[in-house]
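Subject: Structure handover

Hi,

Here is the structure I said I would pass on. Please open it alongside this message, then read on for what turned up.

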Amino acid sequence: MQIGGTSLPWADRSMYAELMLGWELRSWHEARAIDGPVLMDRGIADVVGYLTLCGLPVPAHIEAAAKLYAYNRRVFLAPYWEAIFTQDAERKQDRAEAQSTGIFLAETYARFGYQLIVLPMIGVEERADFVTSILKGV
């Protein structure tokens with residue numbers, strides 16, 4: 001936004017998806033070099049879900065990347081939560097699109113064989129405890 005580029009979700013969604021893919025591939029490779037668990041906010045399958053949500057075709061190279069660069073089979077999903085929904089200069093989705101995003105991401109990750117663990121709608125510390133207990137196998 002600061003440089004006036006058009007690779008933004010409200011300007012050129014296909015190009016934005018390509019940039020998302022590049023970023024997620026970089027993050028995937030960086031995470032592989034770290035010993036121990038790594039939690040990531042997004043993944044390569046998010047790009048597939050995003051394009052599907054937007055009604056855009058999913059290029060073969062993006063589909064291939066989502067299959068080739070896999071994560072742990074358990075994926076935490078933060079569903080749409082009305083109480084914390086907000087919009088700002090960078091988060092322009094309306095409520096309907098935010099709700100649909102969660103649905104499309106859940107469907108996409110399930111299609112790629114991931115087990116979805118839906119985060120409960122509770123306070124930050126309680127959510128952290130929930131995630132920790134899952135990671136420890138409690």
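A helix here is a DSSP run of H or I with at least four residues, numbered from the N terminus. That matters for α2, which is followed by G55, a residue with a positive phi near 75°. Please note that this is a predicted model.

**Overall picture**

The protein has 5 helices and 2 strands. Read from the N terminus, the order is α-α-α-β-α-β-α. The C-alpha atoms fill a box of roughly 45 × 35 × 30 Å along the principal axes. Of the 138 residues, 32% are buried. Among contacts with a separation of 6 or more, 66% join residues 24 or more positions apart.

**Helix α2, the main subject**

How much of α2 is buried? The helix is mostly covered, with 9 of its 10 residues buried. They are I44, A45, D46, V47, V48, G49, Y50, L51 and L53. The cover over these buried residues includes α1, α3 and α4. I take these three partners in turn.

**α2 against α1**

Helix α1 spans residues 13-32 and helix α2 spans residues 44-53. Their axes come within 8 Å and cross at roughly 165°. Angles over 145 degrees count as roughly antiparallel, so α1 is roughly antiparallel to α2. The crossing is right-handed. On the α1 side, the contact uses R13, Y16, A17, M20, L21, E24, L25 and W28. On the α2 side, I44, D46, V47, Y50 and L51 take part. By class, the contact has 10 nonpolar, no polar and 3 charged residues.

An α-helix has 3.6 residues a turn, so residues three or four places apart point the same way.

**α2 against α3**

Helix α3 covers residues 60-68. It packs on α2 at an angle of about 145°, with the axes 8 Å apart. Here α2 passes α3 in a left-handed crossing. From α2, the contact takes I44, A45, V47, V48 and L51. From α3, it takes I62, E63, A65 and A66. The classes are 8 nonpolar, no polar and 1 charged.

K67 also sits in helix α3. Is K67 buried or exposed? Its relative accessibility is 56%, so K67 counts as exposed. The C-alpha atoms of K67 and L135 are separated by 23 Å, and the two residues are 68 apart along the chain.

**α2 against α4**

The angle between α2 and α4 is about 125°, and their axes are 8 Å apart. That makes α2 oblique to α4. The crossing of α2 past α4 is right-handed. The α2 residues in contact are I44, A45, D46, V48, G49, T52 and L53. Those of α4 are E97, S100, T101, F104, L105, T108, Y109 and R111. This contact has 7 nonpolar, 5 polar and 3 charged residues.

Which residues does T108 touch? Leaving out residues up to four places away in sequence, T108 touches A45, V48 and G49.

V118 is in strand β2, residues 115-118. At 48% relative accessibility, V118 counts as partly exposed. It touches L77, P79 and F130, again leaving out residues up to four places away in sequence. V118 and G102 are 16 residues apart in sequence. Their C-alpha atoms are 10 Å apart in space.

**Where to start**

Begin with α2, which has 9 of its 10 residues buried. Then go through the contacts with α1, α3 and α4. I44 is listed in the contact with α1, in the contact with α3 and in the contact with α4.

Best regards

Technical notes
Residues numbered from 1 in each chain as written. Predicted model: local features only at pLDDT ≥ 70, side-chain atom pairs only at ≥ 80, totals over all residues. Heavy atoms only, no water. Axes fitted to C-alpha atoms, helices over the stretch in contact; angles between N-to-C directions. Parallel < 35°, antiparallel > 145°, perpendicular 65-115°, else oblique. Left-handed = near helix turned anticlockwise from the far one by under 90°. Contact = heavy atoms within 4.5 Å. Nonpolar A, V, L, I, M, F, W, Y, C, P; charged D, E, K, R; others polar. Buried < 20%, exposed > 50% of the residue type's maximum accessible area, 1.4 Å probe, protein only.
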